[in-house]
Amino acid sequence: MNETIRKQLEHRTIREFKDHSIPHEIFEQLIEVARRTATHTGMQACSIIRVTDQEIKNQIAGVCNQEYVARAPELLIFIVDQYRNYQIAKEKNFTAESAKDINRFFASFTDACLMAQNVVTAAESEGLGTVYLGSIHNNTEKICEILKLPELTFPVLGLGIGYPAQDPQLKPRMDMRLRVFENAYVAFDNYLEEIRDYDEEMRTYYDLRDPGRTVDSFSAQVVSRFKHSNPKRQNMLDAIRKQGFQLTD
Ligand SMILES: Cc1cc2nc3c(=O)[nH]c(=O)nc-3n(C[C@H](O)[C@H](O)[C@H](O)COP(=O)(O)O)c2cc1C
């Protein structure tokens with residue numbers, strides 16, 4: 001097995017970091033990897049906000065409701081960014097109405113995710129740890145306000161990066177038989193039956209955020225997560241529209 005794959009198979013989310021910063025040259029390499037990431041039609045319509053101001057980090061941690069966000073040595077927010085190309089076109093006397101459409105939005109959204117994961121892979125190869133932060137969407141509009149995001153931009157994901165100060169267990173995953181299909185989707189008759197062993201295995205996992213006890217079975221987690229849908233995350237479409245995107249055909 002090569003070193004890249006070995007590192008990828010060791011992936012664990014890291015939520016506590018050593019109190020020292022990432023050397024400048026390494027950080028620059030991570031940004032260069034972000035730059036080289038594949039991008040829809042070459043448009044590069046996504047960007048990164050590097051949050052270095054502790055006060056802004058604290059505000060973002062407040063939205064995330066996760067205090068460890070404020071302690072991340074590096075905090076990056078990956079954003080959809082149609083603003084830049086809209087302006088480029090405008091300077092060439094073209095008003096790019098299509099910059100606002102749903103296709104562009106998802107192209108940028110996908111680009112931002114790919115860029116983030118490329119940074120994660122590069123960071124992990126350097127012995128760094130990372131935590132994705134979907135929790136910025138507890139209040140997407142507030143994040144837009146904090147980061148002064150102009151129209152035609154939208155926050156996708158946060159990413160905390162630093163040297164790990166914890167050594168979590170590998171989190172179990174279900175068998176890929178249930179997730180990889182050949183030519184057409186395969187629906188199973190009885191999923192609980194199919195995931196029986198995985199359900200048990202999950203119960204041996206300790207989440208370091210809740211010390212001293214193992215987590216629930218996977219099926220119990222599924223039910224509880226569906227039961228407690230976060231109401232704050234239900235108005236994301238409003239936030240997308242507010243940023244100037246048109247969610248109609
Ligand atoms: C899109 C996305 C959003 C996530 N958001 C958060 C988050 O807000 N806070 C957090 O602590 N972890 C977050 N995570 C990390 C997941 O909880 C973690 O990847 C998952 O539990 C599997 O654990 P592992 O990464 O250690 O294998 C997120 C992961 C992804 C892919």
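With 8 C-beta neighbours inside 10 Å, Lys148 counts as exposed, where a residue is called buried if 20 or more other C-beta atoms lie within 10 Å of its own, exposed if 12 or fewer, and partly exposed in between, the C-beta atoms being placed from the backbone. The model is predicted, so that local features need pLDDT of at least 70 and side-chain atom pairs count only at pLDDT 80 or more, while totals for chains, interfaces and linings use all residues. Residues are numbered from 1 along each chain as its sequence is written.

Lys148 lies in the loop between α6 (140–146) and β4, helices (H or I, at least four residues) and strands (E, at least two) being DSSP runs numbered from the N terminus. Gln44, which is found in the loop between α2 (24–36) and β1, is likewise listed here.

| Residue | Phi | C-beta neighbours inside 10 Å | Class |
|---|---|---|---|
| Gln44 | near 55 degrees | 16 neighbours | partly exposed |
| Lys148 | about 50 degrees | 8 neighbours | exposed |

An open sheet of four strands has the order β1-β2-β4-β3 with antiparallel pairing, two strands being paired if DSSP finds at least two bridges between them. Because β1 (46–51) and β3 (129–133) stand at the edges with a single partner strand each, one side of each is left without a neighbour in the sheet. Strand β2 (residues 74–81) pairs with strand β4 (residues 153–162) in the antiparallel sense over eight bridges, and Leu75 stands opposite Gly160 in β4.

Turning to the ligand, β3 gives the most to the shell around it, with three residues.
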